[in-house]
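Here's a quick briefing to read alongside the model. Keep the viewer open and click through as you go.

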Amino acid sequence: MRRRERLSVVANDPVGPYSLIRVERGGLEPGIPGQFFMLEAPARPLPRPMSLCLAPPGELSFLLEAIGPGTQALAAVEPGDELHVFGPLGNGYRLDVEKPLLVGGGIGVAPFPYLSEQLGNPPAVLGFRSDWHAEAAALVPNAEVVVEPTLVTERLRPGHDVLACGPEPMLEAVRELAPDAQLAWEAPMACGYGACYGCSVEIDGVLQRLCVAGPVLEAA
Amino acid sequence: MIVNASGCLDALEAPEVARALDVFVTKTVTPLPREGNRPVRIAETEAGMLNSIGLENPGIDGLLNDKLPRLAEIGVPLWVSVGGFAAADYAQLCTALDDRPEVTGIELNLSCPNVEEAPESAAELVAAARPQTEKPLYAKLSPAATDLPETARAVQAAGADGLSLVNTIRGLALDDQTLQPRLGHELGGYSGPALKPIALAAVYQCYRATGLPIVGMGGIATGRDALEFLAAGASSIALGTVLFSDPDAPGRVRRELAHELEERGLSAAEDATGLAHGSRPATVA
């Protein structure tokens, strides 16, 4: 059941160029891997959607990349700061897969540490644009890491159940090679719970709200 | 009375939020289904946000046959927001809603900034809708009208029972790097905290111009904001953009408003309506 609470920041750890924001869990449930939370972005009008990265006892952690004013404000939080957090929201990954393979690109690895834990540390193929960015792979057990110009799609193995998250071109390429893959998409969101109609993306030929139809969708 | 601004809440996805309101106002419905505008549809700015949803809705048949029965089960009074592209659309929509007991009021969206406007004036649209229904008709106006009090008087003369003030105001946001419009539809409707003084002025002026009941909205995020809208002349307030960041806003704003009223020795919200006008008469020709 989703809830919104004001939670204390426990730590803000750098992971390569990314920030791992750790907050007290409060009364929030971690949900299913691939679900997301709306995190208050200090001094900004709107919160930001973040998939859950890790769920250690008593905590929730979110891996983010500071790419705009909201994520920059979040990347600047310090222990003791308080943030409103609302979730879990949306639909996560189906975990009833026989031979999982996690395929991620860049900040798209964010949901994988929690997903990997829930699936018993399956193999993963993670792609990054530099060795510095690739430091985030340390959060995911059993990960094979590729750095550009090598692409994750060059390392896809047949016969696996692919669970992917990453930039749109990567997801499109994965979908071509693995038509049964589960793909976690991204879109700008104002609310995360179906209120704003801002995150509509074309799914099966029609515009649907990613926050309620996704963010994890079947590729086919 | 605390309601939601049309298009800022889906009661079927968040019935618990809708139940914290006194009335749920639907997203604007048009005669035919609309897919809405292509993404990107929202852009945050320093003091608010732009949207260009473009009246995505299932059409009046989809509302009546599918959504309305489910909305009625939530147990909160319903207003339906209607929009169109000609006076005949407003007439048709009000006719279709008139015999639906689930609907306690109709808001005429006369001012969506994201679609082409009907060729008729706001007053002509109200005049077309009025004979079709006995339900209360609220006219939702844009703050961008050249002479908003005059428009308000005209829709009053055409039979509006109240005013919803204000809709979003047209805005533009450019990408930092490319300097291209951030929204797929280029221009959007601007809402949030920056809209508040503009909306307050609209409520203030239209209260004096008409004396009609007003649902005030535009950047309301706290009980203090709500109190100011009441003082400017609103009898109800609507929450819009704040619902995106705080789904608990209805209950919170209600508590904060009660505290604000109590601190001023006011026993009810209606005692605050119009306080900003001092002893001046509510209606000035």
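Let's start where the chains meet: 21 residues of chain A are in contact with 25 residues of chain B, where contact means that the C-beta atoms of two residues, placed from the backbone, lie within 7 Å. On chain A's side of that meeting, 15 residues are nonpolar, four are polar and two are charged. For those classes, Ala, Val, Leu, Ile, Met, Phe, Trp, Tyr, Cys and Pro are nonpolar, Asp, Glu, Lys and Arg are charged, and the others, Gly among them, are polar.

This is a predicted model, with local features needing pLDDT of at least 70 and side-chain atom pairs counting only at pLDDT 80 or more, while totals for chains, interfaces and linings use all residues. Residues are numbered from 1 along each chain as its sequence is written, and chains are lettered from A and ligands numbered from 1 in the order in which they are written.

**Chain A overall**
- Chain A has four helices and 14 strands; these are DSSP runs numbered from the N terminus, with helices being H or I of at least four residues and strands E of at least two.
- Its radius of gyration is 16 Å, close to the 17 Å from the globule rule for 220 residues, so chain A is as compact as a globular protein of that length. (The radius is taken over C-alpha atoms, and the rule is 2.2 Å times the number of residues to the power 0.38.)
- Along the principal axes, the C-alpha atoms of chain A fill a box of roughly 45 × 40 × 30 Å.
- Take the chain A contacts between residues at least 6 apart in sequence: 60% of them join residues at least 24 apart.

**Zooming in on A:Leu210**
- You'll find A:Leu210 in helix α4 (residues 210-213) of chain A.
- A:Leu210 counts as buried because it has 26 C-beta neighbours inside 10 Å.
- Leaving out residues up to four places away in sequence, A:Leu210 touches A:Trp185, A:Ala187, A:Cys199, A:Val201 and A:Pro215.
- A:Gly90 is 120 residues from A:Leu210 in sequence, yet their C-alpha atoms are 8.0 Å apart.

**A sheet in chain B**
- Chain B has an open, antiparallel sheet of four strands in the order β3-β4-β10-β9; strands pair if DSSP finds at least two bridges between them.
- The edge strands of this chain B sheet are β3 (42-45) and β9 (169-171), each pairing on one side only.
- Strands β4 (residues 48-51) and β10 (residues 188-191) of chain B pair in the antiparallel sense over three bridges, and B:Asn51 has B:Gly189 in β10(B) as its bridge partner.

Methods:
A residue is buried if 20 or more other C-beta atoms lie within 10 Å of its own, exposed if 12 or fewer, and partly exposed in between; C-beta atoms are placed from the backbone.
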